[in-house]
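Subject: Structure for you to look at

Dear colleague,

I am passing on the structure we spoke about, with some notes to read beside it. Please open it first and keep it in view as you go through the rest.

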Amino acid sequence: MDSAPGEHEAFAALWATALTTTGYVALDRRELVDHVGRNARTLLSVLTAAEFDPSPAARVGAALVDLGLTSPQTLATSIQFVGERLPRLADEKCAARMPALLSAFAGGFTTAMQQRIFTDQEEIRQAVMDARRGAETALLASEARFRAMFTQTAVGIAITDSSGTLIEVNTACARMFEYPVDKMPGMHVDDLRYPDEPSAMRRPLKELLTGRRDSYRMERMLRKSDGSPLWTDLSVTLVRDQRGAPQFVVGMLEDITERHLLEQRLRHQANHDPLTGLGNRALFTERLNAAFAKGGDHHVGICYLDLDGFKVINDSLGHDIGDELLAAVAIRLEGLVSGPDRLVARMGGDEFVVLMEHCESIDEVIALAERILAAFAVPVRIGGHRLSVSASIGLVERPVAGTTPAETMRDADVTLYWAKADGKNRWAGYNSERNAREVARFTLAARMPAAVESEEFYVDYQPIVRLADGKLVGVEALVRWAHPEFGRLGPDQFISLAEETGLIVPLGRWVLREATRQARRWRDSYGDGAPWVSVNVAARQTVDPALVDDIATILRAAELPPSSIQLELTESAIMATTGVPLEALRALADMGVRIAIDDFGTGYSNLAYLRHLPVHSIKLAGRFMEGLRAAPDADEADARIVSTLVELAHALGHDVVAECVEDPEQAERLRVIGCDTAQGWLFAKPGPPEEIERWLES
């Protein structure tokens, strides 16, 4: 338990004191406190258990009846006392369990009371039967006992003839219906039924009056003299004559109206959000499951919405303002949605959902989403603030046949994510093709860690050729993924995932290690004629504090001079390097590792800053190569840009590599401009190391 012993003992003592005001207990003060203390520990254990099971609370309610505390005040006092004080002994997160715990406690108390009343009823029935069969003296004695019980018991008793006409009622029964005792005899039981009662509720009495059954017991709503409802626990028994024919009927009633109202309140609390008054997740789930359970060919629609920027309002203006805003949002949603087959619920936090149990088409769901967005566009004034709120909405519409509630909610959640990702303040409908792409992307992300360990990745190499004489001087290492399900995947299909998940660091380390091993093999075979190897480095790798040490370790393991390796960073990545990343690049450059800017010309370089970066080479973006083709495809603007970039790079002391060179005209114009090296399909596509070796040996 979370509570201190002193707090628990005080709780038990106060509860025991409260119980003594509701009835007599044949225990001394210490025994009663010990008994109540055990019950209190049981309730607290139920409330704080890891797996919530309210059934022990029912036994605690029954234990009060076993003590002889059977008055309605005992139940009401205990529920109020436990409901107010027990949560103080537990964690605040346990408060949500209190309605279910109190409901089980009340149910256990009521069930024990019903069992005690039923036992009394059986004794009365046996007394009636014994009175008819016994001798005259025994009959008179039995009649006296019955009369005493009939008149003095708190249980309502009514006797009718075989047609259902009341013969006699006791005072307790008349008091329940708020009739004078002498006014009820002669009334028919139908006069006590509540209007519009289902016909099924009348069937047990008809069967009993015709002799087809001997007794029944049920909870039933009857009618008082003023027409107000009276909820009763009703037990009815048939008394037959000597021939076995129905003679009269004895009915016993207990007024359970207060208990029924309490159960209704607890049920409402369990299914509704206390802040907004809307249905909660439990009620929504129940209604959604019921809509699917009906089957048929009808469709359901769901608008699953999340407020945009609600956390900012909560953090800046306070949770009180945030709560008022949620309540205002709930009012607007309820104003837009009406009908018995519609439900607005709060799923938690700032998430709401609208369920359309019968939906004609997706257009109906879209129309509702548009109305919601338009309604939210009107600012709401709260606490002196004029707040604007928007929402992202996920839409799903589908037939109930062939799918499940869980699948439907999964897809609604996916579409809500799409609406957020697409820019917020909008709706997004479910699209199976987009979902398939998202699932495939997730599948790749989930498998990638194991793929790095199991070496499903491999490296292809593309030649980098010196334009002056056509000699191969370097290669670019390009990682590929041999996926067991999707086949060969290029870097455009998984590198962004690796960057998002952080796996780009171990993957980049593996590529660098593999590339240096290959560079070592070429150096062993071709000596100084071996090409240097260029490896791409993501921006996230540059912030890895172990980058410099890792590269130094890898180079030492391969016994390679640092100048054999070139690291390529995109223009946007390298221009953003400051602090630790910039220091890492300078340390690598000082070590002798070559640094290159990839896709140069696609960003907005600060040329003054570029002068101070540890860069050895610039790789011109492939888009500039289009204008270097032969007429009529040539574009002199591209030629002038390339010429300027080459001149600038040479002025800064950098080599220039042209990417995506595809025809001889481009290569020749680049040579004339003064570009140092080039790579592209004109020379070779990326391939295995053997193709590079054939090039070197040719």
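This is a predicted model: local features need pLDDT of at least 70, side-chain atom pairs count only at pLDDT 80 or more; totals for chains, interfaces and linings use all residues.

On the α2 side the contact involves His-35, Asn-39, Thr-42, Leu-43 and Val-46, while α3 contributes Pro-56, Ala-57, Val-60 and Ala-63. Sorted by class, the residues in this contact between α2 and α3 are six nonpolar and three polar, with no charged residue present.

The second pair consists of α12 (residues 319-336) and α13 (residues 362-376), whose axes come within 10 Å and cross at roughly 140 degrees. The two helices α12 and α13 are therefore classed as oblique to each other, and their crossing is right-handed. The contact of α12 with α13 contains seven nonpolar residues and two charged ones, and no polar residue.

Turning to the aspartates, Asp-233 is found in strand β4, which runs over residues 229-240. Its relative accessible area is 8%, and Asp-233 is buried, since buried means under 20%. The side chain of Asp-233 is joined to that of Gln-114 by a polar contact of 2.8 Å. If neighbours within four places in sequence are left aside, the residues in contact with Asp-233 are Gln-114, Arg-217, Met-218, Met-252, Leu-253, Glu-254 and Ile-256.

Asp-460, for its part, sits in strand β13 (residues 457-466), and with a relative accessibility of 7% Asp-460 also counts as buried. Its side chain makes a polar contact of 3.3 Å with the side chain of Arg-488. Again leaving aside neighbours within four places in sequence, Asp-460 is in contact with Glu-476, Ala-477, Leu-478, Arg-480 and Arg-488, as well as with Pro-686, Gly-687 and Pro-688.

Key: Residues are numbered from 1 along each chain as its sequence is written. Side-chain values use heavy atoms; hydrogens and water are left out. Contact means heavy atoms within 4.5 Å. Helices (H or I, at least four residues) and strands (E, at least two) are DSSP runs, numbered from the N terminus. Ala, Val, Leu, Ile, Met, Phe, Trp, Tyr, Cys and Pro count as nonpolar, Asp, Glu, Lys and Arg as charged, and the others, Gly among them, as polar. Buried means under 20% relative accessible area, exposed over 50%, partly exposed in between (1.4 Å probe, protein chains only). A polar contact is a pair of N or O atoms within 3.5 Å; within protein, one must be able to donate a hydrogen and the other to accept it, and residues adjacent in sequence count only if both atoms are side-chain atoms. Axes are lines fitted to C-alpha atoms, for helices over the stretch in contact, and angles run from 0 to 180 degrees between N-to-C directions. Angles under 35 degrees count as roughly parallel, over 145 as roughly antiparallel, 65 to 115 as roughly perpendicular and the rest as oblique. A crossing is left-handed if the near helix is turned anticlockwise from the far one by less than a right angle, and right-handed if clockwise.
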